[in-house]
Amino acid sequence: MDMPASDERVAGGQANSPRDRVLDAAARLLSGPERASDIATALRDRERLASTALGEGVAIPHARCSTIERCHGAFLRLSRPVDFNAVDGQPVDLVLALLVPEHDIQPQLLRLAELAELFADPDFRRDLRQARDIDELRHHLLAGQHPAPLPRAA
């Protein structure tokens with residue numbers, strides 16, 4: 001998965017907000033202001049089908065987009081967890097939002113499985129939660145990129 005490098009795609013310290021506001025913030029990181037509304041709608045529509053929360057405070061909201069050729073990702077570490085209706089009942093504080101090409105169905109499923117496995121690692125989650133600043137957070141995200149790359153920053 002090729003995700004463009006961008007400092008704006010890794011964020012920390014988001015304020016406590018309902019799930020839709022977190023999805024709106026993710027959409028802005030994924031697309032910029034000109035398409036954020038459409039992306040946010042797509043993320044919310046997907047979330048209505050079933051929660052993208054994996055448990056243990058992690059969610060991977062995602063949506064398909066017909067106007068992109070490669071996957072885009074944005075990571076948010078929330079300062080106050082938000083209810084994503086996770087099966088374990090835990091609120092979410094680690095959010096990896098993905099925007100994938102519409103035709104990318106099978107690779108998307110494999111990518112999601114790889115990311116779910118990565119975020120199942122308690123040490124990886126701990127490192128993300130304890131990162132002192134955006135550079136350390138970015139370091140942990142990049143260190144965890146095998147088997148699937150996560151959002152990178154320049």
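Guide: We will look closely at one residue, and then follow its surroundings to a helix. This is a predicted model, where local features need pLDDT of at least 70, side-chain atom pairs count only at pLDDT 80 or more, and totals for chains, interfaces and linings use all residues. Residues are numbered from 1 along each chain as its sequence is written, and side-chain values use heavy atoms, leaving out hydrogens and water.

Our residue is Thr52, in the loop between helix H2 (36-49) and strand S2 (53-55); helices (H or I, at least four residues) and strands (E, at least two) are DSSP runs, numbered from the N terminus. Thr52 counts as buried because its relative accessibility is 5%; buried means under 20% relative accessible area, exposed over 50%, partly exposed in between (1.4 Å probe, protein chains only).

Leaving aside residues up to four places away in sequence, Thr52 touches Arg46, Glu47, Val58, Ala59, Ile60, Pro61, His62 and Phe84, where contact means heavy atoms within 4.5 Å. Phe84 lies 32 residues from Thr52 along the chain, yet their C-alpha atoms are separated by 7.5 Å.

Now to helix H4 (residues 122-130), whose buried residues are Phe124, Arg125 and Leu128. They sit on the same side of H4, because they cover an arc of only 95° around the axis, taken from the directions from the helix axis to the C-beta atoms. These buried residues pack against several elements, including strand S3 (58-59) and helix H3 (105-119). The face of H4 turned away from the buried side carries the exposed residues Pro122 and Gln130.
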